[in-house]
Amino acid sequence: MATFLVAGGGTAGHVNPMLATAHALRERGHDVAALGTAVGLEADLVPRAGLTLHEVPKVPLPRRPSMDLLRLPKNWAAAVSAASRAIEVSGADAVIGFGGYVSTPAYRAARKAGLPIIVHEANARPGIANRLGARWTEHVAVTAPGTPLPHATVTGMPLLPAVQELAQALADPTRAGDLRASARAALGWEADAPVVVITGGSLGAASLNAATVGAVARLVEHGIHVWHLTGRGKADEALRAQGDIPAALRGHYRVDEFSHDMSQVFAAASAVVCRSGAGAVAEATAMRLPAVYVPLPHGNGEQALNATPAVDAGAAVLVDDAALTAASLEQQVERLLLEPGVGDAMRAAAAQFGIIDGAARVAAMAEGAL
């Protein structure tokens, strides 16, 4: 039995794979502690997962001259010192980083202590922290092929236990039908209803919401059931569109701002339309869901790169945000759900490409690094 210090924080993209890997390590009999900040998602989610959180100060890396740049040396030293204390207090035998500003001092502290370093990179375009960490280790796990890090091994995305369990169940042909029928029955829908889930995440996406509102009347008229997660505080237009649908079909359009149980959402779905964050792509593929990915139109192009391997594998299609209209959304959804053979082919491609046991693979890599 060993003790691992997992490091990640700030966003769900770092915290969720960290917690999934921690769960896999604990199932294998190891002790796990976490390194994070007092202000990121990890401050809430790590204790809820039953892990001790060792706090490290947040040290942003300024990209242009500022007061933060002047304070960087002092802040960096404090963060590395905090990470070193966490290693000592936890008795860590190795450090596993998942990127972001928490991982950078963790990698440095582990190197100073002579401990093995394991890196997991979720995105197709690595961040600064993992580019640094990968220089100090041969144990580098990546979600998708083609990620430009040395010594990269494709492990897939570590999935949280509930998501992994559902993905495994949906991969079992003796169970998948009953699970999907049960999830749709809970919504008042037929067991064989074609269901598209459209979501822009917890904050929503204006372009996805607008296209859905414009397309939904024709989609439900053509027999498609739509579950629209608009994002917090962004349901008004969707609810108005719902009210305009004839009463006999109105129940085929469900509008929620968000869902506390995404497993139920995935179980009910026949296909999904969403952004292409690394977690979203990994989960949709693991669930064998045909997908339409609409990458964020700003940033460094990371989301388009995240979706590309799934698209190349035949499991998804990519639509530029600027090209997303009510008409293009209707066309893509109806192709996936109504054209014979299209959805089946994409599900088969997802089954070949998707990785369900990413957490176990990263845990095994960590064990092998000792």
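**View 1. Salt bridges of the predicted model.** The structure holds 8 salt bridges, a salt bridge being a side-chain nitrogen of Lys or Arg within 4 Å of a carboxyl oxygen of Asp or Glu. This is a predicted model, in which local features need pLDDT of at least 70 and side-chain atom pairs count only at pLDDT 80 or more, while totals for chains, interfaces and linings use all residues. Residues are numbered from 1 along each chain as its sequence is written, and side-chain values use heavy atoms, with hydrogens and water left out.

**View 2. The salt bridge between R275 and D321.** The side chains of R275 and D321 meet in a salt bridge with an N to O distance of 2.8 Å. This pair links distant parts of the chain, 46 residues apart, with R275 in the loop between β11 (271–274) and α12 (278–286) and D321 in the loop between β13 (316–318) and α14 (326–338). Helices (H or I, at least four residues) and strands (E, at least two) are DSSP runs, numbered from the N terminus. Both R275 and D321 are buried, where buried means under 20% relative accessible area, exposed means over 50%, and partly exposed lies in between (1.4 Å probe, protein chains only).

View 3. D256 and R254 are joined through their side chains by a salt bridge of 2.7 Å, N to O, and R254 is partly exposed, with a relative accessible area of 32%. In the salt bridge that R361 forms with D357, the closest N and O atoms are 2.9 Å apart. R361 counts as partly exposed because its relative accessible area is 36%, and D357 likewise counts as partly exposed, at 31% relative accessibility.

**View 4. A positive surface patch that includes R111.** The residues R108, R111, K112 and R135 form a positive surface patch. Patches are made of residues with over 30% relative accessible area and no salt bridge, like charges being joined within 9 Å and nonpolar side chains (Val, Leu, Ile, Met, Phe, Trp, Tyr) within 5 Å. Lys and Arg count as positive and Asp and Glu as negative, whereas His and the chain ends are not counted; the place of a charge is taken as NZ of Lys, CZ of Arg, CG of Asp or CD of Glu.

View 5. In helix α9 (residues 236–244), the buried residues are A238, A241 and Q242. Seen down the axis of α9, these buried residues fall within an arc of 105°, so they line one face of the helix; the arc is that of the directions from the helix axis to the C-beta atoms. The face of α9 turned away from its buried side carries D236 and D244, which are exposed.

View 6. H151, a residue other than glycine, has a positive phi near 60°. H151 is placed in the loop between β6 (139–142) and β7 (152–154) and is partly exposed, at 45% relative accessibility. R288 is not a glycine either, yet has a positive phi of about 60°. R288 lies in the loop between α12 and β12 (291–293), where R288 counts as partly exposed because its relative accessibility is 27%.

View 7. G99 is found in the loop between β4 (94–97) and α4, and at 4% relative accessibility G99 counts as buried. G114 lies in the loop between α4 and β5 (117–121) and counts as exposed, at 61% relative accessibility. From G114 to A304, 190 residues apart along the chain, the C-alpha atoms are separated by 37 Å.

View 8. A326 belongs to helix α14 and is partly exposed, with a relative accessible area of 25%. The C-alpha atoms of A326 and A366 are separated by 46 Å, although these residues are 40 residues apart along the chain. L41 lies in the loop between β2 (31–36) and α2 (42–48) and is partly exposed, with a relative accessible area of 39%. L41 and Y293 are 252 residues apart in sequence and, C-alpha to C-alpha, 25 Å apart in space.

Notes: Accessible areas come from the Shrake-Rupley method with a 1.4 Å probe; for residues, only the protein chains shown count as cover.
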